[in-house]
Each structure stands twice: as C-alpha cells, then as structure tokens.
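Dear colleague,

Please find below the structure that I am handing over to you. My findings on it follow directly after.

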Amino acid sequence: MKTVKLVADTKAIISKYKAEGKSVGFVPTMGALHAGHLSLTEQSVKDNDITIVSIFVNPTQFNNPNDLKSYPRCIDEDLDKLSKFSPDIIFIPEVEEMYPEPDTRIFNFGNLDQIMEGKNRPGHFNGVAQVVSKLFDIINPDNAYFGQKDFQQVAVIKQMVKDLKLSVNIVPCPIIREKDGLAMSSRNTLLNDEQRKNASKISETLFKARNLVPKLNVIQLKDWVVKEINKNPYLSVEYFEIVDDTHLNQIKNWDEDNIKIGCITVQVGNIRLIDNVTF
Ligand code: AMP
C-alpha cells in the first residue's frame, strides 16, 4: 500500500498499470473511514487488479463552512484501517493540488439536483461533480465504487458519467449499518452519547415504515415517518421523500412500476444524518 500526494505521481503510476493491461478500481472518500468505506474498498480489491482509495475532504461540496471545519480528519487511523484490505494506492492530495485554480465549472443535473440534498445543500452536488470528475480524470478507473447510503449522489454521478461520456463503470454498494441499525457515517463520531443512542430511531422508523406499505398511502406514510421521528426530542426531520431510483421523481402511488426509495435527512443537534430505505 503506497501513499501518494501528487497528481502527476498518481497519473504516472496508473498509466504504468494500464500499460500492463491491469484493471483499476477506485474508491473516493473524505476519510474518517468506517466499515462502510472499507466495504467499498474490499469490493474493489475483489473486482480489480489494482485499487486506489482517495482521501480528500473536498471544500467545494460543503455549503456550510462550519461543517467543513468540523469534518473529522484522522489520516493515520484511516491508513491503518485500509492496510487490512491491501489496496494498492492511497491518494491523499492537498487542496492546492486538486484546485491550483478555482473550479468554475457548473454542472446541470436538472431534477436530480433540485430536490432533497440538492435543495437543502445548494451547490453540494456541483462540488461533488467537480471533485469526482477531476479524480476520474487523474485515475482513469475502470470501476468506481459508491455507497448507496448517498443514494442521490449515486444518481448524480451516474448522470455525470453519461453527460461527460466517461467510460468508468459506477458500482453502487449496499449501506453498512451499526448493530442498532444506524447507517454508518463519518459524522456519527460527532454525536454525543445521548444523540448517538437516539439516532438509531431513524433507521428503526424507516424499517417499520416498510411494513406499513400498502396499508398507508404514500402521503400518509410520509407523514407517519416524519411525526414518528420528530417525537424524539433529539431528532428533527429536514425532509423525507419517496422517489424513483433513476429520475428521483416523487412517488404518488405504491402501484407505480418502479423502484421506490425513501430518503431522509435528520438533524441531530447540528449534525445532519442521511439514510434511505427501499420500499
Ligand atoms: P464519504 O467519505 O462520506 O464521502 O463517503 C465515501 C463513500 O463511502 C461514498 O460513496 C459513500 O456513499 C460511501 N459510504 C459512506 N457511508 C457508507 C455506509 N454506511 N455504507 C456504505 N457506503 C458508505
């Protein structure tokens, strides 16, 4: 496992692998790694000859400066955790290395970017597209691994790959959860003990909601989920939407012929946690 900081070095190493005909898998992360990130790494190591993991807290995807400042950073622990899965390269660039000039590109994702995380974090997905497209350009992966926990992000990245006519294959991976059901997130480390204990109510409610289909219609179910979570004094629902898995259009009836995903964001103190469940 080799740590590389410079874009030019990373490109040189990868073009050597590519010239040898090796397949390259890529796992982009912002660090503070947990079993969710490691599951993507494990999958990539299984599927590809070479695996590259990037650790980069991308400033352009944070619309809230305090969120960027408080984002957990622990490179030494991250490298230690990764070493157990034997990826080949860990790419850890500085901000100036990724953005020698400000990135002024504006992406248009239509509806994909106008609801849920896109609506509540203006500019977030534009920043994600900026950094992921730069990383794809540097790494030129055959396969790139993304967690379904960030379900809307997967839809946006797939769209970006289509729009830019990139040849990378996007591989969505299942949500990894804590024992009590809470979706793993780097942000969970920012919760205090009481907040952490109560945060499990989010996934618990989503799983219960599944059993209420089709007894409750879509509007009733959305209402039930929001009320149920908001009953808990530690939790405040920012949004809960049920959308189709490709265009992210709102579901109106359970009998629509599509895959239905219930996506939620909950504020726990000033920490935002996201989760989703398939109906
Ligand atoms: P992040 O470091 O939060 O940007 O996440 C890096 C990648 O790990 C993204 O593709 C996330 O969707 C994925 N990821 C984060 N949490 C989980 C989880 N609990 N289960 C599976 N994948 C995850």
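The notes below concern the nonpolar cores and some features of the backbone.

This is a predicted model, in which local features need pLDDT of at least 70 and side-chain atom pairs count only at pLDDT 80 or more, while totals for chains, interfaces and linings use all residues. Residues are numbered from 1 along each chain as its sequence is written, and side-chain values use heavy atoms, without hydrogens and water.

A nonpolar core here is a set of buried Ala, Val, Leu, Ile, Met, Phe, Trp, Tyr and Cys residues joined through side-chain atoms within 4.5 Å; buried means under 20% relative accessible area, exposed over 50%, with a 1.4 Å probe and protein chains only. The largest such core has 44 residues, of which Ile52 and Phe136 touch the most other members. Helix H7 (residues 124-139) supplies its largest share, 9 residues; helices (H or I, at least four residues) and strands (E, at least two) are DSSP runs, numbered from the N terminus. At least three residues come from each of domain 1 (2-173) and domain 2 (186-278), with bounds from an automatic or database domain assignment. A second, separate core of 24 residues includes Ile202 and Leu273.

As to the backbone, the peptide bond from Val213 to Pro214 is cis, with omega near 5°. Pro214 lies in the loop between helix H9 (193-210) and helix H10 (218-230).

Two residues other than glycine have positive phi: Met116, near 45°, and Lys165, about 55°. Met116, in helix H6 (residues 116-120), is buried at 3% relative accessible area, whereas Lys165 is exposed at 72%.

Yours sincerely
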